[in-house]
Amino acid sequence: MSTAVARASVARRPRAFGQRARAGRVAMWAVVLGALAVSLAPGLYMISLSFMDNPQLFAGRVVPWPPHAENYPRAWVASSIGRLYWNSIYVSTASMVATVAISALAGYGLGRIRFAGRGIVYGIVLIGLTIPLQIALIPLFINLRTLGLLNTRLALIGPYTAFGLAFGTYIMKGFFQGLPRELEEAARLDGAGEFGIFARVMLPLTRPALATVAIFVFLQNWNEFLFALTFLTEGRMRTLPTGIYALLSSEFYGNYPILAASLVLFSAPVLVLYFVFQRQFVEGLTAGALKH
Amino acid sequence: MLSPAARRRWRRHAAGYAFTGPALVVLAAFLLYPIGYSVSLSLHDWDGYTPRWGPFVGLENYRALAGDEVFWRATMNSVAFVVVRTPLEVGFGFLLALLLNRRLVVRSLLRTLFFVPVVMSLIVVTIIFQRVFEPNTGLLNTFLRAIGLGAWAHPWLGDPATALGAVIAVSVWKNVGFSLVILLAGLQGLPQDVVEAARVDGANAWQLTLRVITPLMRPILALTALLSIIGGLKVFDLVFIMTRGGPTYSTEVLATMLYREAFELNHMGVASAIAVILVTLVLSIARAQTFVLDEAPEGGKA
């Protein structure tokens, strides 16, 4: 085989010649599809359960036939999921907006201004990136209780804003750093101040990074469990995860299909969001992880 | 009078703090202050209800933990969580990343699908898996019986011998997609000419993977492992909802023990001590790892 052919054939794919290569391909697909089946089976099982009734469930069925779509309206009412949605959307969005705004500012400051003490500020951000948030649980609980803020939305919005901040600042800093210097100098010559440069010249260019931070932080807030469990001890302000958790100790625990339908309703918005924005999700994540 | 140059410098410092100020305030309030508070509270005895903290007890809470069998159980479980989970997560993730690292029409679709468990809420995942592991009609045992391995059917979460393994398996299941996505991006960022040259020199797929690609990927593999280790030590939701640390503490980890001590037993001082230990553990691992990374030839840029 001449080198030219070899080069052409290996440019992208493994050598696709011969039986061994074919066997390798079959093995590869077997592994990939097997892993995919394992990855997706539990989610599909949940959807399947949500269309069963209890007799089908106890018979150990996997396919829900005939389907029981009435589980969904019942789940909606039983778990008062409308209010849970509203609480979750409110809390997740408010803290997301705050996180994005504050981390854009901080990312610009750290990425583009050389000021004394910048290293220390960045160090604090990096600590925030690694530290287990559980450290804040007891202090915040006690202080919120003292301030009478338990069982309010504010009790979660503050901490959630902070929890996304380290990640957001980290991503925004990396992005601001990568922008060309000429832009800034041109604007400075035109007489723009630091904030003008930030708001009118730089910020519009960081839209992809802003989207990444927004989506990630929103998802993190949407799914957060421990703080919501601890700070919302009464039902009214509960967010979705704790609301669903409360179902486990309610009468519906015995009715698994209804619980499953609630889980589907809970997951649906996030999954839709994910499939719509999956490029920002995956690429933003990897950019953040690999650009240290 | 300040010279114009000095004034410009001052203005630059001021601008720096103006931009980072809001973030500093928030991080100070929700991160630095709680750390200080926890360290201080961990040296006191307090039930969490009397208006004032109880007496200063020095390291008594830490000493009590050192003599507490449950604490050691939780620590060992946290360690087991990391030691078992991280290699599986990074290993499977790397394997899949290697398999997907070629021109496939469906590659981005596959990547998207493998990432779905990462996006799913832990509470949803946990409730599903409780059902999957359910002894009589759950998916796993039903499947085992269907393929003639009924003898292996088992109350996975109810038996102290298998509960921790089952919880770790769920954790691996949820996070493999995360490793996969990072490692795949890393593979695509490798210097193609090096890989190419090895190929032209006649390296087969095995040699290529083991001798060329894996060493090049070392910094990214280390980073993925670090993220997984830290994530493993922090784990709470999964254990709390799935087993509540039981049966008989067989799945208790540091974070669930912290919660129990604080909010079920009202031992605020002891719980704070656990929080401090947890943070110290995570920060020292992160520190050690960055150290190792910086020592690596190309690690600094990872």
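The legends below describe close-up views of a predicted model.

Residues are numbered from 1 along each chain as its sequence is written, and chains are lettered from A in the order in which they are written. In this predicted model, local features need pLDDT of at least 70, side-chain atom pairs count only at pLDDT 80 or more, and totals for chains, interfaces and linings use all residues, while side-chain values use heavy atoms, with hydrogens and water left out.

**View 1. The interface between chain A and chain B.** Here 90 residues of chain A are in contact with 92 residues of chain B, contact being heavy atoms within 4.5 Å. The area buried between the two chains is about 8,400 Å², and carbon and sulfur atoms give 77% of that area. Buried area is the accessible area (1.4 Å probe) that two parts lose on being put together, summed over both. On the side of chain A that touches chain B, helix α2 (residues 18-49) of chain A gives the most, with 14 residues. Helices (H or I, at least four residues) are DSSP runs, numbered from the N terminus.

**View 2. A nonpolar patch on the surface.** The patch is formed by Val31(A), Met76(B), Val79(B), Val83(B), Val84(B), Leu88(B), Phe92(B) and Leu95(B), which together have about 650 Å² of accessible area. Such a patch is made of residues with over 30% relative accessible area and no salt bridge, nonpolar side chains (Val, Leu, Ile, Met, Phe, Trp, Tyr) being joined within 5 Å. Accessible areas come from the Shrake-Rupley method with a 1.4 Å probe, and for residues only the protein chains shown count as cover. Helix α3 (residues 69-100) of chain B gives the most to the patch, with seven residues. Val83(B) is found in this helix and counts as exposed because its relative accessibility is 54%. Buried means under 20% relative accessible area, exposed over 50%, and partly exposed in between (1.4 Å probe, protein chains only).

View 3. The side chains of Glu89(B) and Arg85(B) meet in a salt bridge (3.2 Å, N to O). A salt bridge is a side-chain nitrogen of Lys or Arg within 4 Å of a carboxyl oxygen of Asp or Glu. Both residues lie in helix α3 of chain B, four residues apart, about one turn of the helix. Glu89(B) is buried because its relative accessible area is 3%, and Arg85(B) also counts as buried, at 4% relative accessibility.

**View 4. A salt bridge between Glu184(A) and Arg112(A).** The side chains of these residues meet at 3.0 Å, N to O. The pair links distant parts of the chain, 72 residues apart: Glu184(A) is in helix α9 (residues 181-189) of chain A and Arg112(A) in helix α5 (residues 81-112) of chain A. Glu184(A) and Arg112(A) are both buried.

**View 5. A salt bridge between Glu264(B) and Arg244(B).** The side chains of Glu264(B) and Arg244(B) meet at 3.0 Å, N to O. This pair links distant parts of the chain, with Glu264(B) in the loop between α12 (254-263) and α13 (268-295) of chain B, and Arg244(B) in the loop between α11 (237-242) and α12 of chain B, 20 residues apart. Glu264(B) counts as partly exposed, at 37% relative accessibility, and Arg244(B) likewise counts as partly exposed, at 39%.

**View 6. Val77(A) and Ser262(A).** Val77(A) is found in helix α4 (residues 71-78) of chain A. Val77(A) is exposed because its relative accessible area is 64%. Val77(A) and Ser262(A) are 185 residues apart in sequence and 9.8 Å apart in space, C-alpha to C-alpha.

Technical notes: Patch = residues over 30% accessible without salt bridge, like charges linked within 9 Å, V, L, I, M, F, W, Y side chains within 5 Å. Helix = DSSP H or I, 4+ residues; strand = E, 2+ residues; numbered from the N terminus.
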